[in-house]
Amino acid sequence: MPPVVRLLAKRLGTSLIVLVGVSMLIFTIARVIPGDPARIALGPNATAEQVEALRERLHLDEALPIQYGYFLRDLSRGDLGISLYTNRPVTADIAQFLPATLELIVVAGLMMILIGLPLGVIAARYRGSWADHAVRIFTLLGVSAPSFVWAVILMLIFAFYLPLFPIAGRIADSYAIASVTGFLTIDTLIAGNLAAFGNAAWHIVLPAFALSLSGIGQAARLTRSNMVETYDKPFIEMARSYGFPERRIARRFAFRPSLIPSLTIIGLDFAAMLGNAFLVEAVFAWPGLSRYGVAVILRKDLNAIVGTVLIISAMFLLVNIIVDLLIAFINPRIRYSQRAS
Amino acid sequence: MKRAAYILVRNPLSLTGVILITLVVFGALFADFIAPFPEHRGAVVDFANFNKPPEWPYLFGTDLVGRDLFSRILYAYRISLLLGVVVLAIAVPVGVTIGLVAGYIGGWTEYVLMRITDVFLSIPPLVLAMSMMGLLEPTLTNGMLAVTAMWWPWYTRLVYNLTRSEKEEGYVLAAEVIGASKPHIIFREILPNCVPSIVTKMTLDLGFVILIASSLSFLGLGVQPPTPDLGSMVADGAKYLPDSWWLTVFPGLAILVAVFGFNLLGDALRDILGVDQ
């Protein structure tokens, strides 16, 4: 068995165990809460019989492990139950709202890589200069405010005072785009409607940037500190003595070994973004999981909460597997050893 | 001590951190004396002075029922700091102990403890805290509980990695050879060597706990009105942008100042204590 396949199998196995753990954890939290979820769902005007019927339907009177058994049985059929808030299958709700959130996160992740890594490289190459200090302050500020504060500030400056970007939403209402992938920036291209693509891309810039700021900060800081370390290695000295230009040294010799820890951080930051997307979406009225998530949490909609948390965690684990494979691909040494969890 | 003070003062960023945090803590502790309108922390209305832009005596303006924003921010700091201290006071001992035990004992104990930690780490922190807050009642105590539940695994992971490298060191081997008990080795030998990393992380985390708590209340899942809270102040004010900009900008900057300060302070401590990143 090739090492990469073995690594993949092992990571998938561990992730599955963790995912079962997540489902047990969130299921337990959702079931031990005070208050009767059936009563909350039906409202104060429902009769005792109606409440009892719903309790029966949701198996709320059974012992906790048996309830969990029902849950697993339904889950294996791809059924996460009915949302008591929208009265639709939870899977359908998530399928409707998730793509908008994912699109936001993917664009934010790209910004994080395309802005964060170069900033780190610049700071390391001109260590101790004004550029280094400027990057340090910028990155510290990035991680020092929650993304909703950046969202509000960016909106105030670049949407209200300088009306460069739209204030809210995903795309102007005048465009009707058939949903294929759910990613508007891709769907508009599939439809061949360049004006609509421009409009969708224009809408996503500010929310994605607000979401990516803390990630940019972390990616830049980590890249800088790794590169500074690499610059002290003998092989850099050797490259210099060969007379390679500084630009080539930075790119080929100092940056590459620093890329691996940065990739790991990007995987972890994805988790933070999944949560922070809730905040940014609320500010920019982005039609993603946020409004749904907060609504179902406030209404104690058990099925929807468990389903949403489970899907988000599964995505987080998936991204980290992809990151691990990328790292194995870049660094052959890792293919043979186990990365510390 | 002298060296520490020198490092703090020499680096302008570290000095900024010390000044910012001193101001924030001072303002929070003595809010009763500093706040121009201490009674505005609660459910007070003063419709004669509602929605005023920043002008004397309202340093940061007033909110929609005429309460002084500056006074409310000071009291919000008090609650945020209290929350941060309580969360870390619970999360750190729990997380550190689990990390030490898993790292030193190894075997099945390690496997089970670290997989449980992985479970908590693989739910995005904010999502875990949100779900807990929504399912419990949104009060200050539950807020602390929810944030604590998401915070301890980070200390477990940190200390676990430290312990795994420390236990190969000569001093641990020496203690084992002379027959020291496991609790002695874990808590008297290994733990003291993890303290610098833990203290540095705690300083940084005080800022991040404030950040997460404000995120929860921004979504309406935190401390409930009329208790002043930076996150819910931003959320309430956001509806009135751009005209009443002070309603969101000042509470937002207040969060930024506190977290930025703790970040600078944490970086300075890292230099002083010689902790690797």
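How far apart are the end C-alpha atoms of residues 98-327 of chain A, and what percentage of the span is helix? The end C-alpha atoms of this span lie 27 Å apart, and the span is 81% helix and 0% strand.

## The model and its numbering

This is a predicted model, in which local features need pLDDT of at least 70, side-chain atom pairs count only at pLDDT 80 or more, and totals for chains, interfaces and linings use all residues. Residues are numbered from 1 along each chain as its sequence is written, while chains are lettered from A and ligands numbered from 1 in the order in which they are written.

## Chain A

Chain A has 14 helices and zero strands. Helices (H or I, at least four residues) and strands (E, at least two) are DSSP runs, numbered from the N terminus. From the N terminus on, the order of elements is α-α-α-α-α-α-α-α-α-α-α-α-α-α. Taken along the principal axes, the C-alpha atoms of chain A fill a box of roughly 85 × 55 × 40 Å.

Of the 341 residues of chain A, 39% count as buried. A residue is buried if 20 or more other C-beta atoms lie within 10 Å of its own, exposed if 12 or fewer, and partly exposed in between, with C-beta atoms placed from the backbone. Two residues are in contact if their C-beta atoms, placed from the backbone, lie within 7 Å. Among contacts in chain A between residues at least 6 apart in sequence, 73% join residues at least 24 apart.

## Annotated spans of chain A

In an unreviewed entry, UniProt gives the annotation "domain: ABC transmembrane type-1" to residues 98-327 of chain A. UniProt positions are given in the numbering used here, feature names are shortened, and annotations may be inferred rather than shown by experiment. Under "transmembrane region", the unreviewed UniProt entry lists residues 12-33, 104-126, 138-162, 174-194, 258-284 and 304-330 of chain A.

Residues 104-126 of chain A are 96% helix and 0% strand, with end C-alpha atoms 33 Å apart. Residues 138-162 of chain A are 88% helix and 0% strand, and their end C-alpha atoms lie 22 Å apart.

A:N87 is found in the loop between α4 (64-76) and α5 (90-125) of chain A. Its phi is near 65°, a positive value in a residue other than glycine. A:N87 is exposed because 9 other C-beta atoms lie within 10 Å. A:A285 lies in another loop, between α11 (246-284) and α12 (289-298) of chain A. A:A285 is not a glycine either, yet has a positive phi of about 50°. With 13 C-beta neighbours inside 10 Å, A:A285 counts as partly exposed.

A:L72 lies in helix α4 of chain A. A:L72 is partly exposed, with 13 C-beta neighbours inside 10 Å. A:L72 and A:G288 are 216 residues apart along the chain, and their C-alpha atoms are separated by 27 Å.

## Chain B

Chain B has eleven helices and zero strands. Read along the sequence, its pattern is α-α-α-α-α-α-α-α-α-α-α. The C-alpha atoms of chain B fill a box of roughly 75 × 50 × 30 Å, taken along the principal axes.

Buried residues make up 51% of the 277 residues in chain B. Among contacts in chain B between residues at least 6 apart in sequence, 68% join residues at least 24 apart.

## Where the chains meet

Chain B has 38 residues in contact with 44 residues of chain A. On the side of chain B that touches chain A, the elements giving two or more residues are α5 (107-121), α6 (125-135), α9 (182-218), α10 (230-238) and α11 (246-273) of chain B. The largest share, eight residues, comes from α6(B). This side of chain B divides into 25 nonpolar, eleven polar and two charged residues. Ala, Val, Leu, Ile, Met, Phe, Trp, Tyr, Cys and Pro count as nonpolar, Asp, Glu, Lys and Arg as charged, and the others, Gly among them, as polar.

The axes of helix α1 (residues 3-31) of chain A and α5(B) come within 9 Å and cross at roughly 65°. Axes are lines fitted to C-alpha atoms, for helices over the stretch in contact, and angles run from 0 to 180 degrees between N-to-C directions. The two helices are therefore roughly perpendicular to each other (angles under 35 degrees count as roughly parallel, over 145 as roughly antiparallel, 65 to 115 as roughly perpendicular and the rest as oblique).

The contact is made by A:I17, A:V18, A:G21, A:V22 and A:L25 of α1(A) and B:R115, B:I116, B:D118 and B:V119 of α5(B). These residues divide into six nonpolar, one polar and two charged.
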